[in-house]
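Subject: Structure for you to look at

Hello,

Here is the structure I promised to pass on. Please open it alongside this note. My findings follow below.

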Amino acid sequence: MYPSRFRYEAPRSLDEARALLTRFGDEAKILAGGQSLVPLLKLRFAAPELLVDINNIPGLDHHREDADGTLRIGALCRHVSLERSALLPGRHPLMASAAPLIADPIVRNRGTLVGSLCHSDPQGDWASVLLALGGSIVALGPSGRRTIPASEFSLGPFQNALLPGEIAIEAVVPAAQGHVSGSYLKLERRVGDFATAGVAVALEMSGDTVTRAGIALTGVGPSNIAATAAEQALTGRALTTDTIDEAAELAAAAAQPRSDHRGSAAYKRHVVATFVRRGLQRQEVGAAA
Amino acid sequence: MSYGQSSVVREVGVDERRITVTVNGEKRVVEVEPRLLLAHLLREGLALTGTHLGCDTTSCGACTVLVDGTPVKSCTMLAVQADGHEITTVEGLGTPSELDPVQEGFSREHALQCGFCTPGMMLTSHALLESNPDPSEEEVRWAISGNLCRCTGYQNIVKAVLWAAEKKSGGVS
Amino acid sequence: MTAVDEVKIGGMGASRRRVEDARFVRGRGNYVDDIKLPGMLHMEVLRSPLAHATITSIDTSKAWEIPGVRLVLTGEMMAQRNLAWMPTLSYDTQAVLATDKVRFQGQEVCVVIADDPYIAKDGCEAIVVDYEPLPPVVNPLQSRAADAPIIRDDKEGQTDNTCYRWEVGDRAATDRAFATADVVSKLKLHYPRSHPSPIECCGAVADYNPATQKLSVFMTTQAPHIIRAAFALVTELPEHMIRIISPDIGGGFGNKVPVYPGYVAATLASILLGKPVKWIEDKTGNLISTGFGRDMYLDGEMALRSDGKILAVRMHADTDQGAFFSDAQPSKFKIGLMHSAFACYDVGAGHITAQGHYTNKAPGGVAYRCSFRVTEAMFFQERMMQAAAVDLGMDQAEFRRRNLLHDDAFPARTPFGFLVDSGQYGKCLQIGLDAIGYDQFKIDQAEARTRGRRLGIGISTMTEPLGAGNSREYDILGIKMFDSAELRVHMTGKAILRVGAKSQGQGHETTWGQIVAHELGIPAADVIVEEGDTDTAPFGMGTYASRSTPVAGAAIAMVSRKIRAKARKLAAHLLEVSEEDVEWELGRFYVRGAPERGATIQECAMAAYSNMPDGMEPGLENNAYYDPPNLTWPFACYIATVEVDPATGVWDVLRVVAVDDCGVRINPMIVEGQIMGGLTEAYAAASMQFQTYDADGNIVGSNYMDYLLPTAWETPGFELHEVVTPCPHHPLGAKGVGECATVGGPAAFVNAVHDALSDTGVRNIDMPLLPDRVWQAVQDGQDVSGMPPVRSDA
């Protein structure tokens with residue numbers, strides 16, 4: 001309940017932030033929404049020397065589309081903005097369906113998508129969404145900007161691919177083609193709980209044919225898992241009972257769950273299959289409509 | 001201001017910084033240690049003990065206050081981060097002579113028992129009605145799902161918020 | 001001039017708005033953490049990371065070096081003052097700060113007192129403790145093993161991990177009945193460890209004044225007078241120099257009855273430093289070290305005649321007590337009122353055995369929103385009833401109907417010795433069945449099954465013994481379980497009422513005034529109620545086990561009647577007639593035969609100070625100590641309907657109907673609030689709320705991310721109904737109610753889920769019915785037992 005002592009800086013620009021990060025390296029932690037970091041500080045599971053609070057840096061709270069349809073989500077875009085976004089429903093159905101399932105309503109008022117990605121909790125929901133959508137993270141570091149694919153961003157539980165001195169400034173979701181559908185299915189014991197298992201499903205279709213499939217899994221491995229074999233099994237094919245079952249089984253096979261108090265490994269694997277099936281069946285209905 | 005100490009008399013040696021925060025409409029200039037949680041600034045530094053602390057993990061919502069009108073768990077925000085912002089606590093709901101409709105609804109519908117979660121619950125409800133003056137029961141239940149109550153079973157809280165919505169719209173007197 | 005209107009003055013039966021709310025909705029409550037005294041210091045506790053280990057060394061030197069740290073206490077320092085151990089409420093001892101070894105994860109090892117809690121926490125972090133790990137014992141099975149380490153090697157003569165053995169009933173008669181049975185139904189289950197978990201944690205501000213030598217302790221306690229007695233014994237301070245003040249309490253549910261090490265350590269720190277010391281527990285500390293509830297393994301059977309008549313019941317209970325036997329319960333009953341099981345049914349004969357086990361887990365076994373272990377009793381009872389109905393092939397409502405005590409059976413002596421005195425059980429059940437639409441549901445259920453949907457309905461009916469004592473049978477630490485009230489009517493007819501109970505959200509300040517209004521006609525708003533300060537309140541046993549209304553409420557009625565008796569004399573004096581010629585109607589005495597000649601209770605009060613008859617002692621005040629002749633026996637019927645998703649094991653509650661007969665309701669609004677709160681905790685127990693330990697003794701459920709309380713989103717809506725059978729012995733006809741729904745509710749949800757799975761061969765899934773366990777059961781067609789994640793732990 002009472003954090004250890006730390007130094008605190010609240011830079012007004014990304015350049016200032018970058019300078020602080022360069023100086024303090026690993027000893028610095030970035031504070032955005034703080035809904036994961038501050039609890040860790042309170043429990044003294046984290047004790048950084050310096051907190052770099054980026055909340056006063058202008059121009060980071062956006063989520064918007066470029067002219068080509070690329071979606072950009074700034075480092076200070078709160079979950080609640082995505083939940084209430086007029087932009088997401090229809091054009092970004094998976095994001096729209098995941099946003100209300102993040103944590104609880106009060107946490108969503110402050111927590112950020114980019115912060116959640118950086119936290120790299122294998123039970124985090126957004127990382128699955130980004131994986132399914134083929135998204136990426138833009139990092140700003142001493143040597144400038146680089147784009148890190150979501151699939152390479154998480155290195156394991158609570159470890160991300162940012163280098164010392166780097167700051168994640170934006171999440172990017174590429175423009176989708178054709179008919180877009182998607183949903184996030186989360187089994188939680190209660191509102192605000194972490195996922196026992198979660199499944200993100202994103203589809204792009206041309207007529208009856210799946211042109212791109214994204215399926216990613218939450219809470220069933222050391223990181224969020226892209227179910228690439230399941231994605232491939234759908235690509236170029238129609239959604240039928242057979243292809244859906246095949247994808248569900250492949251996704252379940254890709255899961256690496258562990259038994260814990262939320263459920264047995266077998267159960268979690270089963271939920272993954274069930275949710276992939278349900279997620280795809282939903283799109284099937286949507287596509288027919 | 002160190003934890004609970006007045007800024008007039010305090011021992012030196014701690015890295016503190018001066019912040020300006022408007023609390024319940026009143027501008028306050030205080031010095032805080034960076035690690036001080038907003039909840040502790042309010043409770044100890046500013047003696048606004050209506051904001052309660054019920055957990056260590058940002059789960060219970062008892063400490064919910066409004067930051068620029070938005071419900072935030074004040075145990076999960078540093079006091080320094082409140083610099084330049086407006087905070088509303090339960091003490092800022094209503095006036096000494098007149099209760100906010102949410103406060104009145106909570107009492108009228110028996111939406112509280114031990115009273116510990118009540119301030120956070122009311123502030124969340126108040127913010128809901130500001131953005132959605134005519135919520136459904138489902139919308140109320142969803143909006144307060146980040147605030148835990150151990151006593152009431154929520155049914156009367158929902159009734160209280162719906163009562164307050166009606167009162168605000170002039171439906172009840 | 002006529003009698004006052006009882007509803008208008010906020011008397012019995014009025015849904016009077018709560019007095020307490022005026023401060024709570026303004027954030028002006030006064031909880032322990034809100035108390036700030038001049039010069040106050042702050043205490044934090046260093047806890048053991050290990051479940052079982054010998055302490056080889058403690059180095060506190062680095063902590064002392066931190067600026068702002070004022071005191072570091074270790075077990076050794078406590079021992080120098082004979083305070084390293086303290087008595088529990090169950091005649092055991094409990095370590096205040098560990099000296100020899102730690103016996104559960106989270107046990108208190110050191111405390112640090114500093115200028116603020118941040119610094120105190122820094123101090124805790126700077127302490128270095130070396131441990132030599134010992135093998136942990138995490139369940140009764142391990143505890144009983146021949147090679148199990150002796151956890152309580154501090155106790156002389158303790159040669160195993162048995163904490164107590166207990167037995168009740170008639171073994172021979174039960175055996176005879178089983179020998180004649182057509183069907184014997186069996187059930188084995190585990191009621192998981194659960195924590196009462198009020199949102200407010202425990203805490204204290206200890207304030208020892210070296211000048212006056214008086215100790216004042218503001219404390220989160222449901223029973224301040226018991227604490228004062230315990231403190232007098234532990235600290236050796238004279239009892240009159242100890243003042244325990246229980247301010248507003250943010251929920252208790254049984255968690256705030258015991259004495260905790262933090263209270264004792266903060267008190268010693270204040271004595272040593274001569275300054276006030278505040279200790280506010282964090283949530284983890286509360287969940288991992290303070291009184292849990294349940295954690296009981298039950299194995300029983302029921303002898304049945306083929307027509308559905310119950311002939312006898314037999315059960316054995318193993319309780320997991322943790323490292324110290326610190327149940328807060330009447331001393332004669334080692335497993336609380338477990339033997340109230342089956343009290344609402346005519347079961348013929350019965351026999352219960354029980355054994356308590358020490359383990360390397362947090363101590364407790366407190367009465368978590370229940371009257372001492374009756375939750376486990378009633379849960380087993382109602383699960384057994386369903387299992388027996390299934391075995392007999394009989395409808396579960398009909399099976400209950402056949403065995404419930406009939407209205408003409410009262411008073412009825414149970415096979416375990418209780419005297420159940422009143423009720424209309426059949427009527428309650430029928431109201432519940434009608435409200436839920438039982439027959440139609442059965443039709444809908446069958447139809448839904450044909451389409452692959454699994455609906456279920458669960459019934460739970462029970463009577464619960466609430467309101468301990470009487471004093472013949474009930475005491476805690478030898479103190480008899482009566483309660484008390486003291487009423488002082490001022491000259492203008494306003495009054496102050498002081499009571500030995502202590503509200504933690506039950507609304508005593510509101511309802512107590514209503515009793516005075518009912519008895520004296522003084523408007524409830526003219527009565528201020530005070531509780532919780534041992535210097536001013538009369539001696540009482542506190543509030544838990546739904547005993548406030550049955551015992552303290554009765555004391556309030558009795559003291560009001562004493563006041564009325566004196567007021568009658570005053571009225572006779574004012575009216576210049578003899579006392580025999582004075583009649584009473586609410587709020588007013590009048591002359592028999594001349595009703596227009598009267599004196600109001602307020603006029604009598606004025607006379608008590610300004611115009612009393614010669615020879616009468618001035619003033620209008622009195623007290624009453626009430627020793628109830630029996631427990632009160634409320635009855636409840638809870639019915640839930642659910643739908644189970646067999647693909648995920650997720651189950652949703654469709655409807656919940658509650659029919660409560662708690663006798664006469666003083667404030668119906670508050671009663672309903674209690675019932676809904678209780679139903680929510682019942683739903684929590686059935687669905688998500690539990691604590692468990694891994695093989696190393698690490699607790700799962702140490703914070704609100706893992707110890708789940710339901711939110712407004714999951715919590716179902718409740719449909720409440722009532723039946724009123726007045727308690728025959730309570731002066732107001734009232735019975736206890738606060739806990740009925742927590743006690744009886746879980747079985748309704750659990751039975752409903754099992755009903756939905758009735759064709760799968762699954763007989764029992766242990767709580768909580770987490771989706772994975774339900775799915776697993778459906779998948780395998782087999783029972784799922786034990787606690788997650790340990791799936792076969794007994």
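How many degrees separate the axes of helix H3 and helix H5 of chain B where they cross, and within what distance do they come? The angle is roughly 40 degrees, and the axes come within 11 Å. Keep in mind that this is a predicted model.

**The H3-H5 pair in chain B**

H3(B) covers residues 118-131, and H5(B) covers residues 155-168. The crossing is right-handed.

Which residues of H3(B) and H5(B) meet? From H3(B) come B:Met121, B:Ser125, B:Leu128 and B:Leu129. From H5(B) come B:Ile157, B:Val161, B:Ala164, B:Ala165 and B:Lys168. Seven residues of this contact are nonpolar, one is polar and one is charged.

**Chain B overall**

Chain B contains five helices and five strands. Along the sequence they run β-β-α-β-β-β-α-α-α-α.

What radius of gyration does chain B have, and what would a compact globule have? Chain B has 17 Å. A compact globule of 173 residues would have a value near 16 Å, so the two agree. Along the principal axes, the C-alpha atoms of chain B fill a box of roughly 55 × 30 × 25 Å.

Of its 173 residues, 65% count as buried. I also checked contacts in chain B between residues at least 6 apart in sequence. Of these, 61% join residues at least 24 apart.

**The H11-H12 pair in chain C**

Chain C has a helix pair to look at too: H11(C), residues 396-403, and H12(C), residues 425-436. Their axes come within 10 Å and cross at roughly 165 degrees. Angles over 145 degrees count as roughly antiparallel. That is why H11(C) is described as roughly antiparallel to H12(C). H11(C) passes H12(C) in a left-handed crossing.

Where do H11(C) and H12(C) meet? C:Ala397, C:Arg400 and C:Arg401 are the H11(C) residues. Their partners in H12(C) are C:Gly426, C:Leu429 and C:Leu433. This contact divides into three nonpolar residues, one polar and two charged.

Best wishes

Definitions and conventions. Residues numbered from 1 in each chain as written. Chains lettered and ligands numbered in written order. Predicted model: local features only at pLDDT ≥ 70, side-chain atom pairs only at ≥ 80, totals over all residues. Axes fitted to C-alpha atoms, helices over the stretch in contact; angles between N-to-C directions. Helix = DSSP H or I, 4+ residues; strand = E, 2+ residues; numbered from the N terminus. Left-handed = near helix turned anticlockwise from the far one by under 90°. Contact = placed C-beta atoms within 7 Å. Nonpolar A, V, L, I, M, F, W, Y, C, P; charged D, E, K, R; others polar. Rg over C-alpha atoms; globule rule 2.2 N^0.38 Å. Buried ≥ 20, exposed ≤ 12 C-beta atoms within 10 Å, placed from the backbone. Parallel < 35°, antiparallel > 145°, perpendicular 65-115°, else oblique.
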